[in-house]
Amino acid sequence: MVDLAGWVASLDAVVELIAGRLRRAEPRRRVGTYLRGLLAGLERKNGWTLAEHAGAVSPDGMQRLLRTADWDVDGVRDDLRGYVIDELGDPVSGVFIVDETGFIKKGLRSAGVQRQYTGTSGKIDNCQLGVFLAYASTKGRALIDRELYLPVSWTSDRERCARADVPDDIEFATKPQLGTAMLARAHAAGALTPASWVTADEAYGQNPGFRDQLAEWEIPFVLATRNDDVLTSPDGNRRPAKVLATIAGARQLITDPDTEGCEWERRSIGPGAHGMRVYDWTAVALDAEGLPAGWGHWLLVRRQTEPAEGKTVRELAFYRCAAPADTPLRELIRVAGARWAIEECFQTAKNEAGLDHYQARSYRAWHAHITLAMLAAAYLAVTRATEHAREAEKRDPQPVGAH
């Protein structure tokens, strides 16, 4: 039987969790209404439709909630992160993931909008870009932080920024800098620890500042990089990643009893759109200078083999990895595969929680809507995890007298 009453009570508990960030009764009540609207089966979840769902005659109240109402948007963000870590956190499987997604827009007034490339449409489009931090474990995955990317065309035009309510102290920051800022918040809160992992795509893996900060915190990482990334071997020679991949067969690289003596290890990194994602993997040792004592540094290579027109095509992907020296290859592979969890987070948050349905133009309104949509999506992730745990208990009940 579907536990609707339990789900409602759980959502009420989420609203209560953030109540301290909502000092006045009106925004507190409206946030609850907003969250329920985001979780409703509405085709679109913007100010008008959310207002209609709540029985209001206009979207004014919803727009006021996002733009000017007295509540601590960043405080709710912090509560969201704590909620996800508390409910989905796992010290063995947990991974923090940084990535960006686009929000296609018309016009020129929405904060940060310009023609720029976005993977959302796969081309240069008129859009806003948000940089996000997600957390994924075997229990579930959810978005936990966000920053709106403001291009130089915006930060160099303070009048334009003022019209979009961008605070005067917000200056240009690259996407890796925004990612680092979100990780810094998680680190300061005690969520990101040396027991954690961080993974991201090549925009972050190619950035020395991003890598150096993780090393300073002693946070292990698996970061995608390009095939022409020039890397230093333990002997001091510098070679592109694609060249290092050609000498991968002679490795005595990572001590792993399951794969010792093998040039390539075939492993699945989980289901994809077309079945299990199975690849061949190997790693090449790199110079570990600048990393914490006792750490190793590797180039992880992923090989996908596909038949094409009577011949075999091997496509390679590359990851720069740093972690304690005894880290097994299978753990690097696991973390590399975890990066795709953030794409699932984006899909869930957009399709089920209205992440991209907003009509807000101001900087503050963007962060307010995105934060509430992330909170709604996190509630769904936690609810699913709870239900799966209950189903598992039913299938495998504890024997009588077990402790």
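Predicted model: local features only at pLDDT ≥ 70, side-chain atom pairs only at ≥ 80, totals over all residues.
Residues are numbered from 1 along each chain as its sequence is written, and side-chain values use heavy atoms, with hydrogens and water left out.

**Nonpolar cores**
- A nonpolar core is a set of buried Ala, Val, Leu, Ile, Met, Phe, Trp, Tyr and Cys residues joined through side-chain atoms within 4.5 Å, where buried means under 20% relative accessible area with a 1.4 Å probe, protein chains only.
- The largest such core holds 112 residues, and Phe96, Leu143, Leu183 and Leu300 have the most contacts inside it.
- Helix α14 (residues 363-395) gives the most to this core, with 17 residues, helices (H or I, at least four residues) and strands (E, at least two) being DSSP runs numbered from the N terminus.

**Strands**
- In strand β1 (residues 95-104), 8 of the 10 residues are buried.
- β1 pairs with β3 in the antiparallel sense over 10 bridges, given that two strands pair if DSSP finds at least two bridges between them.
- Asp99 has Phe132 in β3 as its bridge partner.
- β1 and strand β5 (residues 198-200) run parallel and are joined by 3 bridges, with Phe96 opposite Val198 in β5.

**Ala136**
- Ala136 lies in strand β3 (residues 123-137) and is buried, with a relative accessible area of 5%.
- The C-alpha atoms of Ala136 and Ala341 are separated by 6.7 Å, although the two are 205 residues apart along the chain.

Notes:
Buried < 20%, exposed > 50% of the residue type's maximum accessible area, 1.4 Å probe, protein only.
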